[in-house]
Amino acid sequence: MSKPDILLIGPYPEWDLVELEAQYNVLKLYDASDRNAFVSEHAAEIRAIATRGELGASADLIAALPKLEVISVYGVGYDAVNLDAARARGIRVTNTPDVLTNDVADLGVAMMLVQSRGMIGAETWVRDGSWGTKGLYPLKRRVWGRKAGVLGLGRIGFEVAKRLKGFDMDIAYNDVSEKPYAEGMTFIADPVELARRSDFLFVTLAASAATRHIVSKEVIEALGPEGMLINISRASNIDEDALLAALEAKTIGSAALDVFEGEPQLNPRFLALDNVLVQPHHASGTIETRKAMGKLVRDNLAAHFAGAALPTPVI
């Protein structure tokens, strides 16, 4: 029996590629010099798409593949997949939740610590000789005991909050409704008021049309000149223009960002700022988690082609 053809939108780690190629005829879109021509050439055979969260699958791509049955996303976010186009064709969509939750939460808290304590600048202070010639590093701000806000208390937001409790922080959150598992946390229905209450505001909610720019100019202003914004969700959840203007004007204290509009070609204005910590969208970037994500992608594909229940369906 011939192996099913699957379209790989972007590269996966080698350990995943080896496993995929053992089970499927893997067509690597990212290697094609003319992607449209490549899709046209293989469209009649492609039954599955394997993609990454930030790459997704557009309506045009879905429309170009008449035999497409399933889209398996390597990542928890699936906002870059056109779900309406998939639903209209009865195409299944899966993602990889849970397996990356703790690593993403870890990085969010790490970014808070690094930025609040000025650790990047402090290392430079030692390496460039400033410690010896200029003396002690400028004082920074503590983390423990201060107020944190979590915008989106889903899987990742809840794990962030659990970690913040270890710093004896006063934690509040915003979501579509109060959560019964949010013991010891304060529910605040308005994101602006959550920001006004917070020294550190974590953005951990899923991205959708409804959440686009939920961190608005008003939210950023409410966070204020001592506040820090930490984003480990999606870039679309933040009004980047408003954030850049606030960082440049120092009307917000600082930001720590793992995601950006147009990444990896982020707005160069970020790179000129000394009050933002930038990271290369690697919150799930541990060997352990990436291996678990790849396995879940393969498990979803295998279940689909076996006619079994999908482990982690989106639709």
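**Notebook: salt bridges, strands and rings in a predicted model**

I began with Lys217, which forms a salt bridge with Glu221, the closest N and O atoms being 2.6 Å apart; a salt bridge here is a side-chain nitrogen of Lys or Arg within 4 Å of a carboxyl oxygen of Asp or Glu. Both residues lie in helix H10, four residues apart, which is about one turn of the helix. Helices (H or I, at least four residues) and strands (E, at least two) are DSSP runs, numbered from the N terminus. I also noted that Lys217 is partly exposed, at 46% relative accessibility; buried means under 20% relative accessible area, exposed means over 50%, and partly exposed is in between, with a 1.4 Å probe and protein chains only.

Before going on, I wrote down that this is a predicted model, in which local features need pLDDT of at least 70 and side-chain atom pairs count only at pLDDT 80 or more, while totals for chains, interfaces and linings use all residues. Residues are numbered from 1 along each chain as its sequence is written, and side-chain values use heavy atoms, with hydrogens and water left out.

**Further salt bridges**

How many salt bridges does the rule give? I found that the count comes to 21. One of them joins Asp299 and Lys295, with the closest N and O atoms 2.8 Å apart, and both residues lie in helix H12 (residues 287-306), four residues apart, about one turn of the helix. Asp299 is partly exposed at 31% relative accessible area, and Lys295 is partly exposed at 45%. I then noted a network, in which salt bridges that share partners join Asp106, Glu159, Lys162 and Arg163.

I next looked up Glu261, which forms a salt bridge with Arg212, the closest N and O atoms being 3.9 Å apart. This pair links distant parts of the chain, 49 residues apart: Glu261 is in the loop between strand S11 (254-257) and strand S12 (276-278), and Arg212 is in the loop between strand S9 (200-203) and helix H10 (217-223). Glu261 is partly exposed at 31%, and Arg212 is partly exposed at 48%.

**Strands**

In what order do the strands of the open sheet of seven strands run? I read the order as S8-S7-S6-S9-S10-S11-S12, with parallel pairing; two strands pair if DSSP finds at least two bridges between them. The edge strands are S8 and S12, each of which pairs on one side only. S11 and S12 pair in the parallel sense over three bridges, and Leu257 stands opposite Val278 in S12.

Further along this sheet, S6 and S7 pair in the parallel sense over five bridges, and I noted that the bridge partner of Ala148 in S7 is Ile171. Four of the five residues of S6 are buried, so S6 is largely enclosed by the rest of the structure.

I also looked at strand S1 (residues 5-8), where both faces are covered: Asp5 and Leu7 on one side and Ile6 and Leu8 on the other are all buried. S1 pairs with strand S2 (residues 25-28) in the parallel sense over four bridges, and Leu7 has Leu27 as its bridge partner in S2. From Asp5 I went to Asn95, which is 90 residues away in sequence and 19 Å away in space, C-alpha to C-alpha. Asn95 lies in the loop between strand S5 (92-94) and helix H5 (101-116), and Asn95 is buried at 7% relative accessible area.

**Rings**

My search of the whole structure gave six aromatic pairs; rings of Phe, Tyr and Trp (its six-membered ring) pair if their centres lie within 6.5 Å, and planes under 30 degrees apart count as stacked, over 60 as edge-to-face and the rest as tilted. Among them, Phe158 and Tyr181 form an edge-to-face pair, 5.2 Å centre to centre with 75° between the planes. Phe158 lies in helix H8 (residues 155-165) and Tyr181 in the loop between strand S7 (170-174) and strand S8 (186-187), so the pair ties together parts that are 23 residues apart in sequence. Phe158 is partly exposed at 23%, and Tyr181 is partly exposed at 38%.

Last, I recorded that Lys291 lies over the face of Trp15, at 5.0 Å from the ring centre; a charge sits over a ring if NZ of Lys or CZ of Arg is within 6 Å of the ring centre and within 35 degrees of the ring normal.
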